[in-house]
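Me: Please take a close look at one part of this model, the aromatic ring pairs. Keep it brisk, and give the cut-offs.

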Amino acid sequence: MPHRRSPGRVLVVTLLVVTAGYLAWWVAVLAGLEAHFGSGFDEQRFNRLQQEYDRREDAFARADARMRKLIAEHPRAERIDWSGYRTCVREPGRPSDTCTTTPPRDQKVYDALWGVSVILYQPKDEGRTFYRFYHEDPPRYTIMRAPEDTAEEAEEYADAHGFRSTRPLGPGWTILGPIDDIGREVKQFP
């Protein structure tokens, strides 16, 4: 004798299966969105940064040369940050940074860099200089200058310091994707 299925039971099981499928779909969609956008990876930003770097490669080279001079002028500095309006140096044992107005010649060099908010050097990063972009919505992207690094070394550095992704721009230049963890970003760029 065949087992009779209750229409109510069939309806409940069907609703449970459909609801579970719908929830699984939403979880997959939200996880995909978080993985792609929520943590900051954005292929369009990488593309735009690369295009602007390619257009302004000479300006980045001039800014890098100027930053190397600043580093040579302050060999014991714990941090040097250069923006369009001021240059600040953190010397060991000093309670605060010493800041000066960026001279007009340096300001011209800096202004040729589209979108860069600050150029940053910290000796803890072994000869690397960072061109940070703040003007857009977070998360923040960075172009790193590391003349001694190969693409693989730049990627290893990025992985070890919490950057989500990288893209080589040319010898010694790399776009670093954002750092997902705010605490880790503050530790990287105190």
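Reply:
**The aromatic cluster**

Ring pairs join Tyr53, Phe60, Tyr131 and Trp173 into a cluster. Rings of Phe, Tyr and Trp (its six-membered ring) pair if their centres lie within 6.5 Å; planes under 30 degrees apart are stacked, over 60 edge-to-face, and the rest tilted. This is a predicted model: local features need pLDDT of at least 70, side-chain atom pairs count only at pLDDT 80 or more, and totals for chains, interfaces and linings use all residues. Residues are numbered from 1 along each chain as its sequence is written, and side-chain values use heavy atoms, with hydrogens and water left out.

Across the whole structure, the search finds 11 aromatic pairs. One of them is Phe60 with Trp173: the ring centres are 5.7 Å apart and the planes stand at 80 degrees, so this pair is edge-to-face. Phe60 belongs to helix α3 (residues 57–73) and Trp173 to strand β8 (residues 173–176), so the pair ties together parts 113 residues apart in sequence. Helices (H or I, at least four residues) and strands (E, at least two) are DSSP runs, numbered from the N terminus.

Both Phe60 and Trp173 are buried. Buried means under 20% relative accessible area, exposed over 50%, and partly exposed in between (1.4 Å probe, protein chains only). Of the chain's 190 residues, 38% count as buried.
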